[in-house]
Each structure stands twice: as C-alpha cells, then as structure tokens.
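Please open the model in your viewer and keep the selection panel at hand.

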Amino acid sequence: MDLNAIWSGANPTGYEVVNIGEPVLRERAAPVPEEALGTLELAVFLQNMAHTLRESRGVGLAAPQVGVARRVFITHLPEGIEGRYVRCSPSPLQVWINPTWEALHEEELGGMEGCLSIPHYTGRVLRPARIRVKGFDHHGDEVEQTLDGRNARVFLHEWDHLEGILYLDRLALTPQGHPELYHKASWAQIEAERRADGDDAWLIVRGLLP
Ligand SMILES: [Zn+2]
C-alpha cells in the first residue's frame, strides 16, 4: 500500500483520540517490532490513523493518542500552512516508525502548539530549531531527513508522545514567570489584535512570523 492509498484509501475506520488523563499518554511506547514492518496489518492501522488525523484537522498524530503504546506517528502539513508560521514547509503524509533525532545546533525557537489530546488549549514551547531525524517508513525502509522550524516542531511534539511527554510539560514562561498556556478562543483574539497592531516583534518571538 503506498502513501496515497494510506492517506485517501477507501473505507478507513476513524479511531477515537484519547484525551489527557488517559494513562497511555503518559507511558513510554514500545518499538514497533521489525516483523510488523511492511505488513498489511500495519498499513491498515496507518490508514486509519491518517483518516483520524484528516478528520481532526491536525498536523500530527501519534499511536498513543489512539490508545496504542507503540513508537509510530504520522505528520501532514497542508499546503498554505507556510503563510501562518515561521519557517514551515508544506509536507505530504509522512510515516515515522521507531524514530530517533538529534539537534543540529543549539538554537531553540518559540512557537505555539496545540494537541488533539488536549482540546481547547494552545501554548508556547521552545524547541530545537533544526534536527536530524531517522526512522523507518511503512515499508520498513530507513528514512533520514533534516527538519527545521515548524516541521521540526511537529516531529518533536509527536516524538514526545512516544516518551509519554505532553507539550504542557514544556511550556515557555512569560517574563513574569507564568506558563504560556491560553484558551484557543482567547489566543485567537490576542493574536488577531497583535497582527492588527503590526506588533511584529511579539509575533516573531512566538514563532508566528519569520
Ligand atoms: Zn499532541
């Protein structure tokens, strides 16, 4: 099964996304066994994951979020997303199985994150600006890539799910020392006002403008 079939195949089943409070979100996920790579069973699981991601309008989904404590996640950054975030490239469906990463330099960027398992909230998180990632695709072929900006952020957010870490654990602090967590509705209003004011410095610090 190729990636197009995984993304848009017929008769997918949507999974229920579990919310914060479910113990599986705090477990360290186990590797996907080598013998599962390239199997139809795995392809069907990924197809259902992709369907769930599309229906939820998310950019990434990790197996623990559908109750499966295995080291696999998918990412999909749609066309047009580069207009909204600093350093973002549209990216087709990508499958990451047993992935690893290393930071390529010390710079960290702040940016806003949300999570399908934490509805209604968004928060600012510092992440390495550029990373080298390795993993396996759904055929079991090794994949190696360099990711930066938003693309690195989405990968790292999903990788954290495999470790039982949520973005809430990594919130940046305001100058006053408060964790930067916002209700999505109030965040949308704050962001719209700052954009209308042309407050570029504020938008740049939060990773919303290049
Ligand atoms: Zn998440």
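Two strands are taken as paired if DSSP finds at least two bridges between them, and both helices (H or I, at least four residues) and strands (E, at least two) are DSSP runs, numbered from the N terminus. This is a predicted model, in which local features need pLDDT of at least 70 and side-chain atom pairs count only at pLDDT 80 or more, while totals for chains, interfaces and linings use all residues. Residues are numbered from 1 along each chain as its sequence is written.

Select L61 and then I74, its bridge partner in β2; β2 (residues 72-77) and β1 pair in the antiparallel sense over 3 bridges.

Move on to T100, which stands opposite K134 in β6, and display β3 with β6, an antiparallel pair joined by 5 bridges. From there select R130, whose bridge partner in β7 is D148, and then the hairpin of β6 and β7, where 5 residues lie between the strands and G140 in the turn has a positive phi of about 95°.

Finally, show the whole open sheet of 5 strands, in the order β1-β2-β3-β6-β7 with antiparallel pairing. β1 (60-62) and β7 (142-148) each have a single partner strand, so one side of each edge strand is left without a neighbour in the sheet.
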